[in-house]
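Good morning, and thank you for coming.

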Amino acid sequence: MESLDRLREVQRISSKISLYQSEIAKHEKKLEIALADYQLLRDQMAPIEARLGQGQSIARKLELDSKEAEAKIEKNRKQLDQATQATEFTGLKEQLARFEEEKAAIEESLILVMEKIEELRSQELDLNKHIADTEEQLEEIRAEVTENTKDYRNEVESLQKPLEHAREVADDELLETFDRLFPSLGATVVVSLDGNACGGCHLSVSSQVGEKVQAGISVVNCPSCSRFLG
Ligand SMILES: [Zn+2]
């Protein structure tokens with residue numbers, strides 16, 4: 001039947017296109033996986049940078065505290081120089097010792113914080129290098145995928161016009177059914193009868209349906225799966 005033959009042509013070209021597209025998708029999957037890994041790597045940067053920012057603000061605060069402690073010590077020393085009475089002298093001496101202890105504690109914390117900052121900076125550096133390397137690999141994979149899918153893309157491209165033409169000459173109503181069935185059935189929307197069974201779902205059809213198909217006068221769909229029988 002001519003209308004079914006025209007539909008078979010749509011099916012033939014559509015199947016080729018979807019085959020090539022699935023090949024393209026297979027190759028692109030590799031790139032997608034590499035991109036996801038790359039993103040995971042990039043995501044590691046934010047927490048390091050957040051901790052660096054925190055560390056730097058703590059360091060600034062400690063530096064201010066240290067200066068403040070230093071000023072208190074200086075003032076205390078001057079007072080000590082001018083002290084004339086023994087009790088005043090002892091009191092100031094004790095206060096000075098406390099201020100110096102305070103300053104030493106601040107500086108100790110500052111050293112620890114600076115060490116942490118250094119460690120984070122080194123992590124940041126390593127990660128940046130890793131990211132740069134991964135970016136390079138990613139570009140290689142991208143180029144490889146582009147190269148490996150080039151032929152398939154060209155095929156798909158060259159099939160567009162023939163598909164357009166095949167669809168133009170096909171019956172609109174049949175096309176509507178075809179378009180509905182094709183995504184799930186692929187190249188088996190239009191099938192032949194296999195004895196008295198549908199060539200797609202393999203369920204037997206009634207002899208009445210079989211005869212109609214044989215006669216080839218009207219379009220017959222499988223009562224079970226809706227495939228075109230011809
Ligand atoms: Zn069927």
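Please keep in mind that this is a predicted model. Which residues of α3 are buried? They are Phe 99, Ile 106, Val 113, Leu 120, Thr 149 and Ala 166. The helix α3 has 84 residues, and its first and last C-alpha atoms lie 115 Å apart, close to the 124 Å expected at 1.5 Å a residue. A kink of about 45 degrees is centred on Lys 150 in α3.

I turn now to α1. Its 42 residues should span 62 Å at 1.5 Å a residue, and because the end C-alpha atoms are 59 Å apart, the two values agree. This helix also has a kink, of about 25 degrees, centred on Glu 28. Buried in α1 are Leu 4, Leu 7, Arg 8, Val 10, Gln 11 and Ser 14. Among the elements that cover them are α3, α4, β1 and β5.

In soluble globular proteins, nonpolar side chains tend to be buried together. Here the largest nonpolar core has 17 residues, of which Leu 7, Val 190, Phe 228 and Leu 229 touch the most other members. At least two residues each come from α1, α4, β1 and β5, with α1 giving the largest share, three residues. Finally, consider Leu 229: beyond its neighbours within four places in sequence, its contacts include Val 191, Leu 193, Cys 198 and Val 213.

Note on methods:
Residues are numbered from 1 along each chain as its sequence is written. This is a predicted model: local features need pLDDT of at least 70, side-chain atom pairs count only at pLDDT 80 or more; totals for chains, interfaces and linings use all residues. A nonpolar core is a set of buried Ala, Val, Leu, Ile, Met, Phe, Trp, Tyr and Cys residues joined through C-beta atoms within 7 Å. A residue is buried if 20 or more other C-beta atoms lie within 10 Å of its own, exposed if 12 or fewer, and partly exposed in between; C-beta atoms are placed from the backbone. Helices (H or I, at least four residues) and strands (E, at least two) are DSSP runs, numbered from the N terminus. Two residues are in contact if their C-beta atoms, placed from the backbone, lie within 7 Å. The expected span of a helix is 1.5 Å times one less than its number of residues. The bend at a residue is the angle between axes fitted to the seven residues ending there and the seven starting there.
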